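Here are a few notes to go with the model you are about to open. Have a look around first, then come back to the points one by one.

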Amino acid sequence: MKVSSIGLGCQTMPGNLYGPVSSRKDMLALIRTAVDQGVTLFDTAEAYGPLESERIVGDGLRPVRDDVVIATKFGFDVDPNTGAVSGLNSRPDHIRRAVDGMLKRLRTDRIDLLYQHRVDPTVPIEDVADTVKDLMSQGKVLHWGLSEPGPQTIRRAHAVLPLTAIQNEYSTLWRGPEEQVLPLCEELGIGFVCWAPLGMGFATGTINPYTRFAQGDFRAAVPRNSPDNMPANMALVQLLQDWAVRKGATPAQIDLAWLLAQKPWIVPIPSATRLSHFLENISAEEVRFSRDELEELNAAVRRITIRGERLMQPILAQAGVEAPPR
């Protein structure tokens, strides 16, 4: 599956993750501008909103449906009427119901890339793969992937039904996938999609120890953003700022360009709710590093130790999970 080198993450568009957005109308306009600017990958999930992000994406992309790739995710037990979320659920019957709801909200007849949002520790991944295979035979799904899975689960899933993509957090701020997941993707020929490629805004240089997040902003509870940890983590921001001056770019563009330079099959999906931020993000494609520059930047990033976990413990516990045997 081929997509634009940078996609658009649509998780923040409902306005209940990083704080309120200007308006739904503006989110639709941003999606259409993204299409005009050549973006072809749009990422959402039933849990975003919940449900509302898919509706925004569906409304925004309906006029150009055949020109874009829509990625969405199942895996949480989301009530289709109220949007209430109660744990994980990847039982086959639930997946089928979830996909039917997605198709309605996305106003489409097929999902280009369907992810399992998080591994369900009670459902064998082979059962999940068989269910997705059946949905593919019906034409409802074209490709599939996993988000934040354990490495052995990737192997088992891929053996039943070849995976198109793995989606994990990855940025200069969080380089965990480099240990096992990226080498595994390269071995198996699986693409890699980066969520939070800007470290939830940290890599843009607009967050510092004096930042006070708005009420309800998810990032306020992220351990690496705590007053105890953030001062030490500013070393990364300083590095990105130094390289931004050197390359005539912004810190965000350096971070995204760094991701693009790691492997040709890595696709970041920064979220955006402001047009200026979106345009800044996609302009990262214009930033290039020579081989020597990339080695220098990689070495500098490795020397920085980030303090604090990337997510709150209950959420972190759902990452890297291995599915039970069948």
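Predicted model: local features only at pLDDT ≥ 70, side-chain atom pairs only at ≥ 80, totals over all residues.

1. Residues are numbered from 1 along each chain as its sequence is written, and side-chain values use heavy atoms, with hydrogens and water left out.

2. Start with the peptide bond that runs from glycine 49 to proline 50: it is cis, with omega near -15 degrees. Proline 50 sits in the loop between strand 2 (41-43) and helix 2 (52-61). Helices here (H or I, at least four residues) and strands (E, at least two) are DSSP runs, numbered from the N terminus.

3. Next, arginine 107, in the loop that links helix 3 (92-106) and strand 6 (111-116). Arginine 107 isn't a glycine, yet its phi is positive, near 55 degrees. With a relative accessible area of 37%, arginine 107 is partly exposed (buried means under 20%, exposed over 50%, partly exposed in between, using a 1.4 Å probe and protein chains only).

4. Alanine 196 also has a positive phi, near 50 degrees. You'll find alanine 196 in the loop between strand 9 (191-195) and helix 7 (230-247). Buried or exposed? Alanine 196 counts as buried, at 13% relative accessibility.

5. Now the inside. A nonpolar core is a set of buried Ala, Val, Leu, Ile, Met, Phe, Trp, Tyr and Cys residues joined through side-chain atoms within 4.5 Å. The largest has 81 residues, and Leu8, Phe42, Trp144, Ile166, Phe192 and Ile254 have the most contacts inside it. Helix 7 gives the most to this core, with 7 residues. A second, separate core has 16 residues, among them Leu41, Ala165, Ala196 and Met312.

6. Leucine 8 deserves a click. Leaving aside residues up to four places away in sequence, leucine 8 touches residues including Met13, Leu30, Phe42, Ile269 and Phe278 (contact means heavy atoms within 4.5 Å).

7. Finally, helix 5 (residues 151-160) and helix 6 (residues 181-188): their axes come within 10 Å and cross at roughly 20 degrees. Axes are lines fitted to C-alpha atoms, for helices over the stretch in contact, with angles from 0 to 180 degrees between N-to-C directions. So helix 5 is roughly parallel to helix 6, a term for angles under 35 degrees. Pro151, Ile154, Arg155 and His158 in helix 5 meet Val181, Leu184, Glu187 and Leu188 in helix 6.

Notes. Parallel < 35°, antiparallel > 145°, perpendicular 65-115°, else oblique.
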